[in-house]
Amino acid sequence: MTVFDRLFADSTLSQLQQKDARDPLAHKRAEFKLPEGVVYLDGNSLGALPLTVPARLARVAEEEWGGQLIRSWTANAEAAQDWMNLPDRVAAKIAPLIGAQSHEVAVGDSTSVNIFKLLAAALHMASPERRVILTDADNFPTDLYMAQGLNALLGEKYELRPVPSAELEANLSEDVALTLLTEVDYRTGHRLDMAGLTTKAHQHGILTVWDLAHSAGAFPVDLNGAGADFAVGCGYKFLNGGPGAPSFLFVAERHQDSARAFLSGWMGHADPFEMARDFTPAPGARRYVVGTPTVLSLSALDAALDVFADVDMNVLRAKSLSLTDTFIELMEPLTAQYPLKLVTPRNHDERGSQVSYRHPQAREVMQKLIKSGILGDYRTPDILRFGFTPLYHSHADVWRAVQGIKQVLEGGA
């Protein structure tokens, strides 16, 4: 019997099913809508639908909007959801997932817009002689685009300096105003040392802006423990808030009086309905909420976040590592047989909740996988990306996924 045969023997599946039977998060799977015949490994792009969300949206549409009409903006809890305070309630649910206090988190707008807000605030705080924005050369494009756009608005005053992630620490120098870094690389799943890089940046007088798009909801994040200054994240990946779900931002309490909200919209005013001519910022991170809350999408995210209410994030992280370890192990015979190269770190401290491989025909392979019911993702130029969401994945799912990958690579259906 070959190594491959041993890994795919019924006893291996049986052993994984036994591990699933001991899984303290196994009950969470029943809280999501998961189509039959599909192994969904793309929750790091769009989380699966929590079953409570459709009913919540129906209630908002039919009762709060349809019945209460405009009264729902300020109605009490018995009458409706009090739409005016909905961003604050959602922020309070996100805060413990990212190691923040609720008044340090604001929810609304897109990730790109929130990056713009934080970059503007941080650059305004930085010493004027510091003219460099240090970033990872492989950072997600929108982070780079927003920095480029803001710099153009400021008259090309700054230099956006992209360097390989391995060289970030060596480039922390006295001319750097801030770092703009994504904790988990969207292509490879490589996880940066947030606490270590933040500490070293502060030693050089540098502010930090962290992108948590592939972190929040995937494993425990501790912004305050790491000493982070600013952070941003999205609601539709591991937080399962639905397509286009609102983003969130974090501003450390110590910076809130000096980090200006340059997009100073009326919903960030201390008293929005006073209709004052001058902007007076609301207390805490609420000042960074710009316009009218998007009630439908915020309500979906609010309901989706309830799935985390009874979840120990350390347990979730342990399961994530077990799932990704199992996937890497089962894929090893395929990497020996086909032109697959693992690009995700094996080291647990350096791994997010995804596993990626290079393949010269990655696009075509992923198209075939999706047709066969293995829903992963492709990233240019040659990345096969598989995301693992511990709330609804089992080890048996991992086994089925690798079986499907094997069949596609062999040319089967």
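This is a predicted model: local features need pLDDT of at least 70, side-chain atom pairs count only at pLDDT 80 or more; totals for chains, interfaces and linings use all residues.
Colleague: Which residues lie nearest the centre of the largest pocket?
Modeller: The largest pocket holds about 390 Å³ of space. Its lining is made up of 32 residues, and the elements that give two or more of them are α5 (111-125) and α6 (141-153). Nearest the centre lie Ser 110, Thr 111, Cys 234, Tyr 236 and Ser 247.

Colleague: Which elements each supply at least two residues of the lining of the second largest pocket?
Modeller: The second largest pocket has about 260 Å³ of space. It is lined by 13 residues, with Arg 29, Pro 35, Val 38, Val 39 and Asp 397 closest to its centre. By class, the lining has seven nonpolar, two polar and four charged residues. The elements that each supply at least two of the lining residues are β2 (39-40) and α12 (395-409).

Colleague: Why is strand β12 (residues 354-358) largely enclosed by the rest of the structure?
Modeller: A residue is taken as buried when its relative accessible area is under 20%. The strand has five residues, and it is largely enclosed because the number of them that are buried is four.

Colleague: What is the bridge partner of Tyr 357 in β15?
Modeller: β12 pairs with strand β11 (residues 341-342) in the antiparallel sense over two bridges, and there Tyr 357 stands opposite Leu 342. β12 also pairs with strand β15 (residues 383-387), again antiparallel, over five bridges. In β15, the partner of Tyr 357 is Leu 384.

Colleague: Which residues have the most contacts inside the largest nonpolar core?
Modeller: In soluble globular proteins, nonpolar side chains tend to be buried together. The largest nonpolar core here has 55 residues, and helix α4 (residues 86-94) gives the largest share of them, four residues. Leaving out residues up to four places away in sequence, Ile 98 touches Val 105, Leu 212, Ala 216, Val 221, Asp 222, Leu 223 and Phe 248. The residues with the most contacts inside the core are Ile 98 and Leu 212.

Colleague: How many residues does the second, separate core have?
Modeller: This core includes Leu 334, Val 365, Leu 384 and Trp 399. Leu 384 is also the bridge partner of Tyr 357 in β15. The number of residues in the second core is 31.

Colleague: Is Lys 28 buried or exposed?
Modeller: Lys 28 is found in the loop between α2 (10-21) and β1 (32-33). Residues up to four places away in sequence aside, it touches Val 307, Asp 310, Val 311 and Leu 391. Its relative accessible area is 1%, so Lys 28 is buried.

Colleague: How far apart in space are Lys 28 and Val 184?
Modeller: In sequence, Lys 28 and Val 184 are 156 residues apart. From C-alpha to C-alpha, their separation in space is 24 Å.

Colleague: Against which elements do the buried residues of α9 pack?
Modeller: Eight of the 10 residues of helix α9 (residues 295-304) are buried, so the helix is largely enclosed by the rest of the structure. The buried residues are Val 295, Leu 298, Ser 299, Ala 300, Leu 301, Asp 302, Ala 303 and Ala 304. They pack against β3 (49-50), α3 (52-68), α4 and β4 (105-107).

Definitions and conventions:
Residues are numbered from 1 along each chain as its sequence is written. Side-chain values use heavy atoms; hydrogens and water are left out. On a 1 Å grid over the protein atoms alone, a cavity is a set of points where a 1.4 Å probe fits but cannot get out, and a pocket is an open set with protein on both sides within 12 Å along at least five of seven lines; lining residues have an atom within 4 Å of a point. Grid points are joined across faces, edges and corners, and a volume is the space filled by probe spheres set on the points. Ala, Val, Leu, Ile, Met, Phe, Trp, Tyr, Cys and Pro count as nonpolar, Asp, Glu, Lys and Arg as charged, and the others, Gly among them, as polar. Buried means under 20% relative accessible area, exposed over 50%, partly exposed in between (1.4 Å probe, protein chains only). Two strands pair if DSSP finds at least two bridges between them. A nonpolar core is a set of buried Ala, Val, Leu, Ile, Met, Phe, Trp, Tyr and Cys residues joined through side-chain atoms within 4.5 Å. Contact means heavy atoms within 4.5 Å.
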